[in-house]
Each structure stands twice: as C-alpha cells, then as structure tokens.
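Please keep the sequence and the structure in view while I speak.

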Amino acid sequence: MEHLFRDWDPLSKAVAAERLFAAEPVSLRALAHRLNVDREILSQAQRAAEERVLMWLRSPDSAALTGHLFGLTEWLGTAATQEQLIAADPSHPAEVPALGTPLWRVLVTLMPDRRLQEGWLVVGDVGGLRDKTRQLLAGKPADTDVVELLGQLGIRPHSAKAWLESLPKEQPRPEQRPAGAAPSEPKPLPRRTPGANGHQQRNGVPVPSQAGNGPDPATALAALNALTGAAAPRPHLVPSPRSTPTSPSSDPRRWQRIDVTSGHLRGEPVAVPEGYAAQLGMRPGTLLSVTGPGDNAVVLVWRDQQPVFDSLQPVLMRLNARPGDSVYVTVDGYRLDAQLTS
C-alpha cells in the first residue's frame, strides 16, 4: 500500500487520507477550505485518485493485497470483532506512512460487502444479522450445536461465542416486570479503540493468525468498493455502469442461468460454464472483478478448469432468492446485472 501512495502528489494523498480511507470522511467543502483549493479541483483530484486505486487493484502489483483480503474475509466470516481483524495479522496495526492510517483501516475500506458497526465487522447490517440470529436460535431443537447452527449464517466458530454474548438481552414486557421495578436500559456494546488491549484472545477464545494463510494471489478476491454512504458522502471505487440487456430473452447468450442452492446463499462459489467465462475474455488463472446490484463487488475466478463466481451471496440476498430459484446473471463491462425468474 505504501508503494502505491508513495509518489502521489500532496493533493491526491490528502484526498486518500481524509476521504477514501478515513474512518469518518470529511466533506469536500471542509477539506477544500483546509487545503485552500477550489472545491471542483478537489473533486477532480478525488475522481482521479479513485481511478488510480481501481486500476492498481486490477493490476498484478496488488496480488499480495488481494490475496490477503481473500483469505482474511474467508476467515472473518459474516461477523467478527474489530479486535479479531486487527490481530489477524501482525501487519494490520502497522501504519501506512503515506496515509497516516493503520493498514487494517485501509483493508476495511477495500472490503466490498462489510462495514464496521458497533465494534463489529459485519456483512450487511448488524441489526439485520442479529434478527436472523434470534430467529435461528428461537427455532432450534434443544440438542442443537449452537456454534454449528451459527455457521449457517456465515459466523465462524472462533467468533460464535463473542457474537452470542453481544446480542442485546430482550426486555420483559411491562406486565412481566415486578411491581415497582424500573425498566432497565439495554447495556450498550463497548466502544473499541483501535490497537487497545491485547489482541491475541477475546473472552478466552484464541484469535488465530492469518499470516501466510492466504490463497494463491492470482485467484484472490480483488475488492473494489466498500465506500457506500451513510451520513457523510463516500466515494465509490467502481467504474461507470454500462447498459445491459433488459431481460434474458433479449440476448440469451449474454445471460447465465444459476440454479440457487443453500450453499450459494451461504456464500459458496457458483460454477459457470467455461464458454461463458471465455465469452467475457477470461482464461484459466485469471479473475474479473465487477460491480453487482447495490454496488456489491462480485469476482469471477477461473481456477484450474472451472470458472466460478467466488460468491453471489450479496446479489442473491438482494433478490430474496431461495434454494431452488433460478437467477439469471449477465456481465457487461465491469457491471453485473441479475434477475430472478418468476
């Protein structure tokens, strides 16, 4: 990462540090005032910086980072603590000098499908995942292995205990409270400070190191965009979308049918025919990063003799797909479109 930013001009570095990779991006207006530059000039510098990062992510120079990201997200699962992320590799707390930002914070920005929320790095929304957890636990048989059950939501065994302990306790209904008892306030989750406390264990659960455990970088996930916005405007490291066919019937050769399985909904790879991947200009050992509905990054990887979508889980969840459904996907440039058949 330092090699990427080392030769950037001061204005581009400021945009990267204060907006692209900041925990709380400052507004263009505030940054322009601080740097004493015209707001439009700063906006142009930001667009150029985004494109520069995007091109780097697609280049062989980023292989080590994208390989690390792939292995890291696999290990983190759908929910992991900030401490687990920081402790997953000795390099994570280290600062990227050109940005004045720790590496783990840069990695969070480049992850396409998850955000830090209340001290948890979660795929999607932390409240939604908690609701799904409660629903899953409510219907479990008495002898169910809870850790294995949480695996259905993509929560890894090393995170299961902490995730269960983080679930807010349900408050009793007013008629169930003892007479005169004041309603108790829900206990807030602790606010975590980057780098604070030890990171080798959490609640007695060891945090395994991810050093050296990444897969072949040539088949790694090239994360493109996690800068989707809440209150502050966040830039998007994605290309401009191109037009796609309106339906599979308009040009069947450009659409690929996916028969959805429960594994696909858990994030498992989705196989596609070699001819379809070749039609997109791919060959064995290459990958193609595209942006799907909702600005979710999707990666098509040609491993050995089998091309696969590394995961279509965010796309399938957005379509509310279920096992047995048929979904058609098409790729146009760096944009993926998907339709659920009726």
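Tryptophan 120 has a relative accessibility of 0%, so it counts as buried; buried means under 20% relative accessible area, exposed means over 50%, and partly exposed lies in between, with a 1.4 Å probe and protein chains only. Before I continue, please note that this is a predicted model, in which local features need pLDDT of at least 70 and side-chain atom pairs count only at pLDDT 80 or more, while totals for chains, interfaces and linings use all residues. Residues are numbered from 1 along each chain as its sequence is written, and side-chain values use heavy atoms, with hydrogens and water left out.

Which residue is the bridge partner of tryptophan 120? The partner is glutamine 117. Strand S4 and strand S5 (residues 120–123) pair in the antiparallel sense over four bridges. Two strands pair if DSSP finds at least two bridges between them. Strands (E, at least two residues) and helices (H or I, at least four) are DSSP runs, numbered from the N terminus.

These strands belong to an open sheet of three, in the order S1-S5-S4, with antiparallel pairing. Its edge strands are S1 (79–81) and S4 (114–117), each of which pairs on one side only.

I turn now to the aromatic pairs, of which the structure holds three. Rings of Phe, Tyr and Trp (its six-membered ring) pair if their centres lie within 6.5 Å; planes under 30 degrees apart count as stacked, over 60 as edge-to-face and the rest as tilted. The rings of phenylalanine 5 and phenylalanine 21 have centres 5.7 Å apart and planes at 75 degrees, so this pair is edge-to-face. Phenylalanine 5 lies in helix H1 and phenylalanine 21 in the loop between H2 and H3, so the pair ties together parts that are 16 residues apart in sequence. Both of these phenylalanines are buried.

Tryptophan 120 and tryptophan 163 also form an edge-to-face pair, at 5.1 Å centre to centre and with 80 degrees between the planes. Because tryptophan 120 lies in strand S5 and tryptophan 163 in helix H10 (residues 157–166), this pair ties together parts that are 43 residues apart in sequence. Tryptophan 163 is buried, with a relative accessible area of 0%.

How many of the eight residues of helix H7 are buried? Eight of the eight are, so H7 is largely enclosed by the rest of the structure.

Leu28, Leu31 and Ala32 in H3 are buried. Seen down the axis of H3, the buried residues fall within an arc of 100 degrees, so they line one face of the helix; the arc is that of the directions from the helix axis to the C-beta atoms. On the other side of H3, Arg29 and His33 are exposed. The buried residues of H3 pack against H2 and H4.

Finally, strand S10 (residues 287–291) is largely enclosed by the rest of the structure, because four of its five residues are buried. Five bridges join S10 to strand S11 (residues 297–303), and the two run antiparallel.

Note on methods:
Contact means heavy atoms within 4.5 Å.
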